[in-house]
Amino acid sequence: MIDLLKSKKIAAFLFAVIAAFSLNAQTAENSEPVDAGNSHIIVNGDLSIHFPELGNKYTGDCVYINYGDIDIIIDAGSKQASAAVIKTYIDNYIQDGKLEYVIATHAHEDHIAGFNSKGNITGILEAYEVGTIIDFPKTNSNTATCRNYIKTRNKIIENGAVHYTALQCYRNEDGAMRIYDLGGGVQLEILYNYYYENYAKSENNYSVCVRINQNGSYFLFTGDLEQDGEEKLVEYYQDNYGGLGNCMLYKGGHHGSNSSSSEKFMSQIKPEYVIICTCAGSSEYRAAPRNIFPSQGFVDRVAPYTDKIYITTIAPDYAKNIFMPLNGNIIFMVSQGNISILCSGDNTVLKDTQWFRDNRIMPAEWQ
Ligand SMILES: [Zn+2]
């Protein structure tokens with residue numbers, strides 16, 4: 001009886017969310033964000049790209065993509081305990097217990113920790129059946145987290161998962177594919193990165209770069225690729241493909257760091273929407289106020305192209321371990337050519353937040 005009541009409540013709630021979304025889809029032309037005003041949102045649409053919160057004050061990446069029966073996860077940061085938070089979130093969507101594609105961009109903890117199992121925590125790689133796992137061809141890392149990741153990955157390969165490096169994918173070698181056709185005009189494409197096969201001083205430059213293509217639009221994920229890697233990416237695609245073209249959605253590179261989202265890269269992809277997995281105001285990696293994520297440099301270089309920037313989490317007081325949703329869990333939805341952004345927290349764009357007013361200088365383009 002209680003279950004019935006519960007499922008009725010869920011159905012009513014889902015209906016309200018879908019109704020709100022449908023209204024938006026009919027009235028907005030391709031751009032207006034929707035705030036469902038709920039702390040928890042579940043949507044089922046044609047293609048949805050999710051940026052879940054990670055349950056702590058730390059910076060880390062996790063992107064979950066749902067397209068019909070296909071489930072894709074790119075990274076599982078930020079800490080091992082995030083695995084449980086991510087699982088709770090993606091269990092709202094995964095029907096068959098299977099992740100068709102798993103991508104691990106590079107060997108840093110804030111991208112792979114949640115893949116691993118440890119103690120009584122089951123990591124994402126073992127919590128689901130994994131179809132194909134694609135990861136970084138190179139690393140300089142020898143951390144316990146990285147060793148544990150490789151051990152866990154090898155275990156799931158033994159149990160039937162298919163493993164390729166991003167370089168094998170890009171080269172269409174050994175059964176790996178550059179483009180995985182997901183049906184209905186949607187593709188998962190593994191991009192080329194110079195550092196798949198060359199030494200990089202910064203681990204970040206080894207990041208696997210992918211995009212989801214949908215009927216001429218694309219959504220871009222470059223992990224923590226740094227300026228140097230971004231510039232090589234731009235040059236390679238200009239030389240070999242006539243350029244990357246304009247990007248509908250860009251996952252803000254390296255959590256909004258000053259060392260990524262370079263001018264050359266932004267002028268090439270001209271992002272329309274930017275969503276960042278980060279904890280605004282967290283001094284975990286950068287001490288200088290202007291370089292704390294999302295950095296002033298990131299803001300200044302993105303500003304000529306868009307002010308539609310969304311951020312998962314905020315740490316109002318990092319030292320006291322206080323963190324909370326900024327936009328919260330963010331869902332970028334594409335349904336019948338219409339785009340909606342649903343946030344479990346506030347749906348305010350970065351420039352209109354109090355944190356931005358207190359910590360950043362408004363670029364001329366946004367005034
Ligand atoms: Zn990172």
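1. The protein's secondary structure amounts to 10 helices and 16 strands. Here helices (H or I, at least four residues) and strands (E, at least two) are DSSP runs, numbered from the N terminus. Please keep in mind that this is a predicted model: local features need pLDDT of at least 70, side-chain atom pairs count only at pLDDT 80 or more, and totals for chains, interfaces and linings use all residues. Residues are numbered from 1 along each chain as its sequence is written.

2. A word on confidence. The mean pLDDT (the predictor's confidence in each residue, from 0 to 100) is 89 for the protein, and 88% of its residues reach 70 or more. The stretch to watch is residues 1-39, where the pLDDT is below 50; beyond near neighbours in sequence, this stretch has 33 contacts in the model. Two residues are in contact if their C-beta atoms, placed from the backbone, lie within 7 Å. Where pLDDT is low, the predicted coordinates should not be read in detail.

3. Of the contacts between residues at least 6 apart in sequence, 68% join residues at least 24 apart.

4. Now to an open sheet of eight strands, with mixed pairing and the order β6-β5-β4-β3-β2-β1-β15-β16. Its edge strands, each pairing on one side only, are β6 (162-165) and β16 (338-343). Direction ignored, neighbouring strands are turned by 15° against each other on average; the axes behind such angles are lines fitted to C-alpha atoms, for helices over the stretch in contact, and angles run from 0 to 180 degrees between N-to-C directions. Two strands pair if DSSP finds at least two bridges between them.

5. By contrast, β3 (residues 70-74) and β4 (residues 98-104) run parallel, paired over three bridges, and Ile74 stands opposite Ile103.

6. Eight strands also form an open sheet in the order β7-β8-β9-β10-β11-β12-β13-β14, again with mixed pairing. Strands β7 (179-183) and β14 (322-325) are its edges, each pairing on one side only. Inside it, β11 (residues 249-251) and β12 (residues 273-280) run parallel and are joined by three bridges; Tyr250 is partnered by Val274.

7. Which residues of α5 are buried? They are Thr145, Cys146, Tyr149, Arg153 and Ile156. Because they cover an arc of only 95° around the axis, they lie on the same side of α5; the arc is that of the directions from the helix axis to the C-beta atoms. Their cover includes β4, α3 (109-112), α4 (124-127), β5 (129-135) and β6. The face turned away carries the exposed Ala144, Lys151, Asn154 and Glu158. Just after α5, Gly160 takes a positive phi of about 120°.

Key
Buried ≥ 20, exposed ≤ 12 C-beta atoms within 10 Å, placed from the backbone.
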